[in-house]
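Here is a short walk through one structure. Take a look at the model first, then read on.

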Amino acid sequence: MTERKPPGVSFESFVDRQIREAQERGAFEQLAGFGKPLPDDTAPYDDLWWVKGKMHREGLAALPPALALRKAAEDALAAVGRAASEAQVRRIVAGINERIAEAVRRPPPGPPLRLAPFDAEALVREWRSATGRPARPSGE
């Protein structure tokens, strides 16, 4: 819609003509939301709606590093509860413990971390009792 409204033509009919011609060309068929319902509009207006949506789509977080690590620790504990094997529990715990140890060595900016590495053996024992799995030999 780069052309200007001709004089003597009402604005409404000019816009309607532009929309109709674009529909006939199929200009609206390749849009990202084509055929999908509109998002819920009952929430209060947020000035940063686009920024938040973009961050969500890109997988970015606006949390300070210490809070992001606390969230990752919570997610890791939840993942331990869903783990299918003892080896998977140990991998999850080792991964988050490595991140916590790095943050303890070099504290991130923001609020205090207040996290210590998890006791892998204790978490494995809890996982075994929750899943009813027997203890494995130490060679696993």
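**Where α4 meets α5**

Glu86, Val89, Arg90 and Val93 in α4 meet Ala120, Glu121, Leu123, Val124, Trp127 and Arg128 in α5. Contact here means heavy atoms within 4.5 Å. The residues of this contact of α4 with α5 divide into six nonpolar, no polar and four charged. Ala, Val, Leu, Ile, Met, Phe, Trp, Tyr, Cys and Pro count as nonpolar; Asp, Glu, Lys and Arg count as charged; the others, Gly among them, count as polar.

This is a predicted model, in which local features need pLDDT of at least 70 and side-chain atom pairs count only at pLDDT 80 or more, while totals for chains, interfaces and linings use all residues. Residues are numbered from 1 along each chain as its sequence is written, and side-chain values use heavy atoms, with hydrogens and water left out.

Now the geometry of that pair. The axes of α4 and helix α5 (residues 120–131) come within 10 Å and cross at roughly 145°. Axes are lines fitted to C-alpha atoms, for helices over the stretch in contact, and angles run from 0 to 180 degrees between N-to-C directions. The crossing of α4 and α5 is right-handed. Right-handed means that the near helix is turned clockwise from the far one by less than a right angle, and left-handed means anticlockwise.

Next comes the partner on the other pairing. Helix α3 (residues 65–82) and helix α4 (residues 86–105) have axes that come within 9 Å and cross at roughly 165°. That makes α3 roughly antiparallel to α4, a label for angles over 145 degrees. This crossing of α3 and α4 is left-handed. From α3, Leu69, Ala72, Ala73, Ala76, Ala79 and Val80 take part; they meet Val89, Ile92, Val93, Ile96, Arg99, Ile100 and Ala103 in α4. The residues of this contact divide into 12 nonpolar, no polar and one charged.

Step back to the whole chain. Its secondary structure comes to five helices and zero strands. Helices (H or I, at least four residues) and strands (E, at least two) are DSSP runs, numbered from the N terminus. The C-alpha trace spans about 85 × 35 × 25 Å along its principal axes.

How confident is the predictor? The protein chain averages a pLDDT of 86, and 94% of the residues score at least 70. pLDDT is the predictor's confidence in each residue, from 0 to 100. Confidence is lowest in helix α1 (residues 11–25), at a mean of 84, and highest in α4, at 94.

Conventions. Angles under 35 degrees count as roughly parallel, over 145 as roughly antiparallel, 65 to 115 as roughly perpendicular and the rest as oblique.
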